[in-house]
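Here's a quick briefing to read alongside the sequence and the structure. We'll start with the metals and then move on to the nonpolar cores.

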Amino acid sequence: MVAMFLTVLGSSGSLGGPSSPASGYLVEVEGCAPVVVDMGPGVLGALQRHVSPEDVTVLLSHLHADHCLDVPGLLVWRRYGPEATGAGVVPLIGPSGTAYRIGVASSEEPGAVDDLTDTFDVRTWDVTPQVELRGDDGEVAVTVRAERVDHPPESYGLRLTSREGRTLVYSGDTAYCESLVELAAGADVLLCEASWTHEGERPPGMHMSGTEAGRTAARAGVGRLVLTHIPPWTDRDAVRDEAAREFGGEILLAEPDLRLTI
Ligand SMILES: [Zn+2]
Ligand SMILES: [Zn+2]
């Protein structure tokens, strides 16, 4: 049996925090290139503690800065780093406009758009909502399914299924929504955002509370719930306690270097 592993690289919501980069997660399946899901500020540095960034596949849930602004750094690594082969065209899959937005962030002059094609094979979820990542043996190692979720920019939840049928579902950023409950159905692990507690003024169509993350996990019937994207100003224990009142399974708080076997 080939295991799938999740390692948290960064879990601080909306921006980097004092003890964590912004959003980023490493998914590893034996015999397959490492996969990085989201790449916010600080994630590229954390990634280097675990794997070489040279051949990682990058999946982006959406293009808010806290989920993608270390991708230009990865481009520099592949183009100019001592291990750069010049042949590192690997998948970068995200919302529509990914090549343009990352190209703008990486450009040298105002109004310019860097051409990413020497380092990335860019695809978009709106065109290819299901992607197969192949292992060294040429067989499908991981299948990724993307579903739109409820967040201001074009945003996706991602369901990663290994060859053995192990499943990790990542909420991305989203308000409580039916599409995430459906995407997460029966998952072994739900990596779910919970950006605030379930009290006071909470803008609609933006983020979830601990209560809503727990409710999502319970309705989807997942095995374990990992709460993430908690900003530095939000009480982590309060978020977890809210979730525990809704979901009876194991609940973990994401933090850098937390590593789970899916
Ligand atoms: Zn975010
Ligand atoms: Zn966002």
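**Zinc site and cores at a glance**

The zinc ion (ligand 1) sits in an irregular site, where the angles among its four donor atoms run from 88 to 166°. Keep in mind that this is a predicted model.

**The metal pair**

- Four residues coordinate the zinc ion (ligand 1), at 2.1 to 2.2 Å: Asp66 and Asp173 through OD, His67 and His229 through NE2.
- Going along the chain, the donors of that zinc ion are spaced as D-H-x105-D-x55-H.
- There's a neighbour to look at too: the zinc ion (ligand 2) is 3.5 Å from the zinc ion (ligand 1), with Asp173 coordinating both.
- Asp66 and Asp173 tie together distant parts of the chain, 107 residues apart. Asp66 belongs to helix H2 (residues 65-68), while Asp173 is in the loop between strand E10 (167-170) and helix H5 (178-183).
- Asp66 and Asp173 are both buried.

**The nonpolar cores**

- The largest nonpolar core counts 30 residues, and Val37, Leu59, Trp125 and Leu158 have the most contacts inside it.
- Several strands give two or more residues to this core, among them E1 (4-10), E2 (24-29), E3 (35-39) and E10.
- Strand E8 (140-148) is on that list as well, and E8 gives the most, with four residues.
- Leaving out residues up to four places away in sequence, Leu59 touches Val35, Val36, Val37, Asp38, Ile93, Trp125, Val144, Leu158 and Leu160.

Methods: Residues are numbered from 1 along each chain as its sequence is written. Chains are lettered from A and ligands numbered from 1 in the order in which they are written. This is a predicted model: local features need pLDDT of at least 70, side-chain atom pairs count only at pLDDT 80 or more; totals for chains, interfaces and linings use all residues. Side-chain values use heavy atoms; hydrogens and water are left out. Donors are N, O and S atoms within 2.8 Å of the metal (3.2 Å for Na, K and Ca); water is not among the atoms, so sites may look incomplete. Four donors count as tetrahedral if all angles lie between 85 and 135 degrees; four count as square planar and six as octahedral if opposite donors are over 155 degrees apart and all others between 65 and 115; anything else is irregular. Buried means under 20% relative accessible area, exposed over 50%, partly exposed in between (1.4 Å probe, protein chains only). A nonpolar core is a set of buried Ala, Val, Leu, Ile, Met, Phe, Trp, Tyr and Cys residues joined through side-chain atoms within 4.5 Å. Contact means heavy atoms within 4.5 Å.
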